Amino acid sequence: MTTPLSELTPRAFTEAEAALYIGLSRSFLAKSRMDGKRENHTNAPDFIKIGRAIRYLKDDLDNWLDGQQKLEHLGQLV
């Protein structure tokens with residue numbers, strides 16, 4: 001017996017799904033993809049490109065979230 005498509009957990013997310021998953025906007029993902037790794041900018045999560053489609057792997061999104069600086073208050077940014 002096969003698993004219905006509605007019960008599958010996706011491994012790769014579209015830009016819209018990835019934005020929803022990490023709680024940020026699609027424009028953040030698009031802009032940060034275009035900016036690349038720049039000083040004083042929040043780097044985008046890793047992504048893959050399949051043909052013209054951009055996809056984000058769930059594991060990469062989880063690792064990216066885990067790697068963000070955790071603060072107790074904004075004074076720590078100084």
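Trainee: Is E15 buried or exposed?
Mentor: E15 is buried, with a relative accessible area of 14%. Buried means under 20% relative accessible area, exposed means over 50%, and partly exposed lies in between, with a 1.4 Å probe and protein chains only. Please note that this is a predicted model, in which local features need pLDDT of at least 70, side-chain atom pairs count only at pLDDT 80 or more, and totals for chains, interfaces and linings use all residues. Residues are numbered from 1 along each chain as its sequence is written, and side-chain values use heavy atoms, with hydrogens and water left out.

Trainee: Which residue forms a salt bridge with E15?
Mentor: R33 does, and the closest N and O atoms of the two are 2.8 Å apart. A salt bridge is a side-chain nitrogen of Lys or Arg within 4 Å of a carboxyl oxygen of Asp or Glu.

Trainee: Where do E15 and R33 lie?
Mentor: The pair links distant parts of the chain: E15 is in helix 1 (residues 15-22) and R33 is in helix 2 (residues 26-35), 18 residues apart. Helices are DSSP runs of H or I with at least four residues, numbered from the N terminus. E15 and R33 are also linked with R26 in a network of salt bridges.

Trainee: How many salt bridges are there by this rule?
Mentor: The count comes to 4 salt bridges. One of them joins the side chains of D35 and K31, at 2.9 Å from N to O. D35 and K31 are 4 residues apart in helix 2, so about one helical turn separates them. D35 is partly exposed, at 24% relative accessibility.

Trainee: And what about K58, which residue does it bridge to?
Mentor: K58 forms a salt bridge with D62, with the closest N and O atoms 3.0 Å apart. Both lie in helix 3 (residues 58-66), about one turn of the helix from each other. K58 is partly exposed at 27%, and D62 is partly exposed at 22%.

Trainee: Changing topic: at what angle do helix 1 and helix 3 pack?
Mentor: The angle is about 35°, and the axes are 11 Å apart. Axes are lines fitted to C-alpha atoms, for helices over the stretch in contact, and angles run from 0 to 180 degrees between N-to-C directions.

Trainee: Which residues meet there?
Mentor: A18, Y21 and I22 in helix 1 meet K58, L61, D62, W64 and L65 in helix 3, where contact means heavy atoms within 4.5 Å.

Key:
Helices (H or I, at least four residues) and strands (E, at least two) are DSSP runs, numbered from the N terminus.
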